[in-house]
Amino acid sequence: MEGGWPLEGGVLLCLTVSLLLPGGGKAFTINCSGFDQYGVDPAAFQAVFDRKAFRPVVNNSIPTQVNISFTLSAILEVNAQLQLLTSFLWMNLMWDNPLISWNPEECVSLKRLTVSAENLWIPDIFILESMDVNRAPPGLTAFVNSEGRMKYDRPVRVTSICNLDIFYFPFDQQNCTLTFSSFLYTVDSMLLGMDKEVWEITDTSRNLIQTQGEWELLGINKATPKMLVGSNLYDQITFYVAIRRRPSLYVINLLVPSGFLVVIDALSFYIPAESENRAPFKMTLLLGYNVFLLMMNDLLPASGTPLISVYFALCLSLMVVSLLETIFITYLLHLATTQPPPMPQWLHSLLLYWASPRKCYPSVPQKGNKGLGPTPNHLPGMKEPVELVGKVAGPREAELTGSPQSRVQEEQEAQRQPLVDLWVQFSHMMDTLLFRLYLLFMATSVVTVIVLWNT
């Protein structure tokens, strides 16, 4: 034990310690001849040390009041798969030991001593949610003052159960509980109180928290329930610790790259449909996105289905739908340039309505689709079709060819040209329509995910 001040020489001091047992009080005087500049001889408190196994009370019917506080100095780990929170606490306990008292004036104003915790009775306060053994370092000490007020501080690494909800990952907030209670003593023997106000605990924890990693402390609240086990009633203090994840790591490494890939996929619709590069480009993007998800899989929670997983699945689905749309448009263009079938009357009417809904055009003839009305080159608001079939030879060029078979073939090509152009125009119309639907679905999905995250 160490005193408040070093004592010079071998001054004889008297330290009075009162041991009041249930049967009556007993006082004895400690010979302070063992005092020197190094402190007090531990033998002076031997009578108190011998009774460390018993709760120090004057009357057994009076419960011991234990005041509790703590400081959260670090949030070490949050394991979503095992539903565990690992934190580092400084736990503070204060109680009165009526068996210890002395007059400071008789002991050179010595008002406080430090005593090894192994030699004193310590309240058996533990955390109900704890899933690990006590890892407090050995050799801790407690402070005792001249009035018998005991103060015991110990650091402890706590691995506690926490009901983690990761749906809003990485913008999630968690509310974990730390419940302090006695293991042996009921409310008849021990009552729990607060050494500090909750706001003081919160402010101190925020100022002293050492980790600047993934989690930050939002606040601490408390409740004082009772726990009934059989016929025994135990006092408790429950602290609600609210923490929030810092999302910047996941936004930079997950959300931003994924959003860029989806935007590039949407912009790839501006590659001409007749180009042979659109489909390979989309397939490359789809392959790259799958590789990205495999590489970033370690950053995602190992259990549950967070909203970000739905977001990734949605982005992947958009890319797959985009590729399927490109395949469909490519098929239409191939059909139009090789063997264009006769266009149904309803489809031709729809095409004309899409091009100019306020104008009326003649109905489609049933035979060979001849006289289809205005050619697609004259449909307002539509893309100019690509000339996919050779030009019709003029009269002078037809005479130069000289072959009747060649002239018949050229006439057939000339008759088929309007139908080819119409199917090409229809392919462009479908490409534009599907692109707009794609943008609408993408915008709706992204807005929905953002709204869910904000709630």
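1. Two strands are said to pair if DSSP finds at least two bridges between them. Helices (H or I, at least four residues) and strands (E, at least two) are DSSP runs, numbered from the N terminus. In these terms, strand 5 and strand 7 pair in the antiparallel sense over five bridges, and T114 has F143 in strand 7 as its bridge partner.

2. The structure is a predicted model, in which local features need pLDDT of at least 70, side-chain atom pairs count only at pLDDT 80 or more, and totals for chains, interfaces and linings use all residues. Residues are numbered from 1 along each chain as its sequence is written, and side-chain values use heavy atoms, with hydrogens and water left out.

3. An open sheet of six strands has the order 5-7-8-4-3-10, with mixed pairing. Its edge strands are strand 5 (112-116) and strand 10 (190-194), each of which pairs on one side only. Direction ignored, neighbouring strands of this sheet are turned by 30° against each other on average; axes here are lines fitted to C-alpha atoms, for helices over the stretch in contact, and angles run from 0 to 180 degrees between N-to-C directions.

4. Strand 4 (residues 84-96) is joined to strand 8 by 13 bridges, and the two run antiparallel; T86 stands opposite T159 in strand 8. Strand 7 (residues 141-145) also pairs with strand 8 in the antiparallel sense, over three bridges, and F143 stands opposite K151. Strand 7 and strand 8 form a hairpin with three residues between them, and G148 in the turn has a positive phi of about 85°.

5. Helix 2 (residues 198-208) lies across strand 3 (64-79) and strand 10, and runs at about 35° to strand 3. Contact here means heavy atoms within 4.5 Å.

6. Strand 9 (residues 173-182) and strand 13 (residues 232-245) pair in the antiparallel sense over nine bridges, with L178 opposite F239. Strand 11 (residues 215-223) runs antiparallel to strand 13 and is joined to it by eight bridges; there I220 stands opposite V241. Strand 12 (residues 226-229) is likewise antiparallel to strand 13, with four bridges, and M227 stands opposite Y234. The hairpin of strand 12 and strand 13 has two residues between the strands, and G230 in this hairpin takes a positive phi near 65°.

7. The whole structure contains 16 aromatic pairs. Rings of Phe, Tyr and Trp (its six-membered ring) pair if their centres lie within 6.5 Å; planes under 30 degrees apart count as stacked, over 60 as edge-to-face and the rest as tilted. F171 and W453 form an edge-to-face pair, 5.3 Å centre to centre with 70° between the planes. W453 is buried, with a relative accessible area of 12%, whereas F171 is partly exposed at 33%; buried means under 20% relative accessible area, exposed over 50% and partly exposed in between (1.4 Å probe, protein chains only). Ring pairs link F171, Y289, F292, Y311, F312 and W453 into a cluster.

8. For F269 and Y438, the ring centres are 5.1 Å apart and the planes stand at 50°, so the pair is tilted. Because F269 lies in the loop between helix 3 (248-267) and helix 4 and Y438 in helix 8, the pair ties together parts that are 169 residues apart in sequence. F269 is buried at 6% relative accessibility, and Y438 is buried at 5%. The charged end of K282 sits over the ring of F269, 4.0 Å from its centre; the criterion is NZ of Lys or CZ of Arg within 6 Å of the ring centre and within 35 degrees of the ring normal.

9. R278 is found in helix 4 (residues 278-295) and counts as buried at 2% relative accessibility. A polar atom of the R278 side chain lies 2.7 Å from the backbone oxygen of F269. Not counting residues up to four places away in sequence, R278 touches S268, F269, I271, P272, A273, E325, T326 and D431.

Notes: A polar contact is a pair of N or O atoms within 3.5 Å; within protein, one must be able to donate a hydrogen and the other to accept it, and residues adjacent in sequence count only if both atoms are side-chain atoms.
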